[in-house]
Each structure stands twice: as structure tokens, then as C-alpha cells.
Amino acid sequence: MKRIFAILAATATVSASILFTAGQGRVMAQSAAPPVPARASTAPAAATHGVSVYICGHSFHQFIDTPLAMLAKEAGFADHKTAGKFFVGGSRPIQIWNTPDGKNPTRTALKAGNIDILTLSPHVEMPDKGIDLFADYALTHNPNIRVMLQISWPLFLASPSTDWISVRAAFKSYMSAANAQIGNINRRHGKAYVSLVPVADAVFKLHTDIEAGTAPEIRTFRQIFSDDAGHAASPLQNLVTFCWFAAIYNKSPEGLTSLDAPRTSTSAATNRYLQKLAWDVVHGAPVAPAPAPKS
């Protein structure tokens, strides 16, 4: 499928292929059929029990395991469990899928059939065949599984020369392609079990608030990154984790204190703001249902 990075290349000072490397690129959607809505990933009703989560992906995603567990347990989901994690820097789902079985713990874990949620983090290209392969395989071994995709922010987003108009246009196309692919998967299986966690939307909203001076204690957009490439510093790691908590449990993270300083370097005031931002972005969009209660 042809990428539409060219819309950035003509205007952005950072090359399009680099700009979306660790986050997501943009490509044309391949299906004109109306997709099953999949943009966000909250469940239709708040969860009543913890879930077993397997985390799979690149460096803009893999850090959520411990803080997500902390939030879940604080919120009363004592049976929340990190079932495993497979981190491959700069990876795409198809690259992880193509890792041989002997070196691929993700397929081994899915085959056991006791994972409630598989997370994936697309990278550069969409559609990504690995999403279909993982979704099909996961459902084969657990009919109640949910597959959730993190849509991340582009690389080098904090550069003062970033062309935000082009970035947002590219992101809109990428989201359209992601929703088309997920809609096709959900239609193929007759159930809405694959969905998105719109982390990039939260990052874009945070940028707007920082520019307006309304983000508590965050004075510059660069402050949320640990390096120029765009890896997450504490405020952004927390925002991503709050989005995941909201998406998995359909419950606002507002008021949870597990990630407040000194446990992270982000203050309570900033976290309250980030929690509301995450909930506002994730809440209310159509999504995959919560897993059934465990017997």
C-alpha cells in the first residue's frame, strides 16, 4: 500500500520517513467500505475485574507495564496481571510476527489462551499485515480476547520547525487507514474485539494546551520528551499509561495517585491534568467490549 508521507515531505523540515518512524506513518486506506468503528478503545461498560495484559511493541509503548499495574491495583483491580512483554525497538507488528517461534514469546503466550488483552504498537506503515495475523491467531486461542493498538506520536515532534498542519493532515489519513484495517478484521470475525488507543490524539491535545499555557507545570512541549527523537519523559509516560488505563477499564484515572511524585518525577497537579486529558480523549468512543468475568 502506498504511503502518503509525501504530503509531509513537501512541507516539513524533517523528512516524512523519519518523522513517523517510532510513532506512526500515514498510508491510504485500502477499503472504501464503512469500517466497524474502532477509533478509541474504551469498553461499553466499566470493568468489574482485572485483566491479564500482554504488552508487545516498540519503545513508545513498552514502558506501560509497571505503571499500568500500579494504577489498576490502586483502582481496586487486584487481579490485574502483566502476562508478559516483548519489546523490539522500532518494530512493526509484522516484524514481531515474523520472529521465529523459538524467539517469539508473544505467540507462545497467546497459544496458552489465558491472555485477556494483547497490545500492539504499529510503526510507520498502515495497514500492517501483522495486525491481522496476530488478531486472527489470538482469537483462535481465546474467543474472548481483546487486541488493542497504540497509535503513537511521530518522531522529532518537539522540533521547533515541525509543520503541525502537515503532521495533523498525515495523522488523519493514518487514522483512517487504521480504522479501515481494524474494521475489516472485526467484520471478518463478526465481533468488535480489535480497537485503538488514540495516544497521539492525547499528545496533540497536550501540545495545544502547552501552547495556550494551560498545562500545569509543563512550559514547553520538549519537556515531555527524554530526547530529541521523541522518547517519553515522565509526563508523557504517565499520559500514555492513563490512556491505556481508561481504555482497558473504561474508568477515569482521575484521582489515582500511584504515579505522583516521588514515585515518578511528575507532580500530583500535573497528573490530575493529564488524567483528565486522557479520559476526555479516550472516553465515549465506540470500542471492543470488556472481557467476560472470569469463572
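Which residue of β4 is the bridge partner of Thr119? In β4, Met148 takes that place. The model is predicted: local features need pLDDT of at least 70, side-chain atom pairs count only at pLDDT 80 or more, and totals for chains, interfaces and linings use all residues. Residues are numbered from 1 along each chain as its sequence is written, and side-chain values use heavy atoms, with hydrogens and water left out.

Thr119 and Met148 belong to the pairing of β3 (residues 117-120) with β4 (residues 146-150). These two strands run in the parallel sense over 4 bridges. Strands are DSSP runs of E of at least two residues, helices are runs of H or I of at least four, and both are numbered from the N terminus. Two strands pair if DSSP finds at least two bridges between them. The sheet is open and has 5 strands. Their order is β2-β1-β3-β4-β5, with parallel pairing. β2 (81-87) and β5 (194-197) are the edge strands, each pairing on one side only. Neighbouring strands of this sheet are turned by 20° against each other on average, direction ignored.

The loop between β3 and α6 (129-141) holds Pro127. A cis peptide bond joins Met126 to Pro127, with omega of about 5°. Val124 lies in the loop between β3 and α6 as well. Val124 is not a glycine, yet its phi is positive, about 75°. Most residues other than glycine have a negative phi, and most peptide bonds are trans.

A cis peptide bond also joins Ala261 and Pro262, with omega of about 10°. Pro262 sits in the loop between α9 and α10. Thr264 is found in the loop between α9 (234-249) and α10 (268-282). The side chain of Thr264 reaches the backbone nitrogen of Thr266 at 3.3 Å. This is a polar contact (a pair of N or O atoms within 3.5 Å; within protein, one must be able to donate a hydrogen and the other to accept it, and residues adjacent in sequence count only if both atoms are side-chain atoms). Not counting residues up to four places away in sequence, Thr264 touches Ser234, Asn238, Leu259 and Asn271. Contact means heavy atoms within 4.5 Å.

The axes of α9 and α10 come within 8 Å and cross at roughly 45°. α9 is therefore oblique to α10. Axes are lines fitted to C-alpha atoms, for helices over the stretch in contact, and angles run from 0 to 180 degrees between N-to-C directions. Angles under 35 degrees count as roughly parallel, over 145 as roughly antiparallel, 65 to 115 as roughly perpendicular and the rest as oblique. The crossing of α9 past α10 is right-handed. A crossing is left-handed if the near helix is turned anticlockwise from the far one by less than a right angle, and right-handed if clockwise. Residues of α9 in this contact include Asn238, Leu239 and Phe242; those of α10 include Asn271, Leu274 and Trp279. By class, the contact of α9 with α10 has 11 nonpolar, 3 polar and no charged residues. Ala, Val, Leu, Ile, Met, Phe, Trp, Tyr, Cys and Pro count as nonpolar, Asp, Glu, Lys and Arg as charged, and the others, Gly among them, as polar.

Helices α7 (residues 164-189) and α8 (residues 199-212) pack at about 160°, their axes 12 Å apart. They are therefore roughly antiparallel. α7 passes α8 in a left-handed crossing. Trp164, Val167, Arg168 and Phe171 of α7 meet Ala200, Asp201, Phe204, His207 and Thr208 of α8. This contact divides into 5 nonpolar, 2 polar and 2 charged residues.
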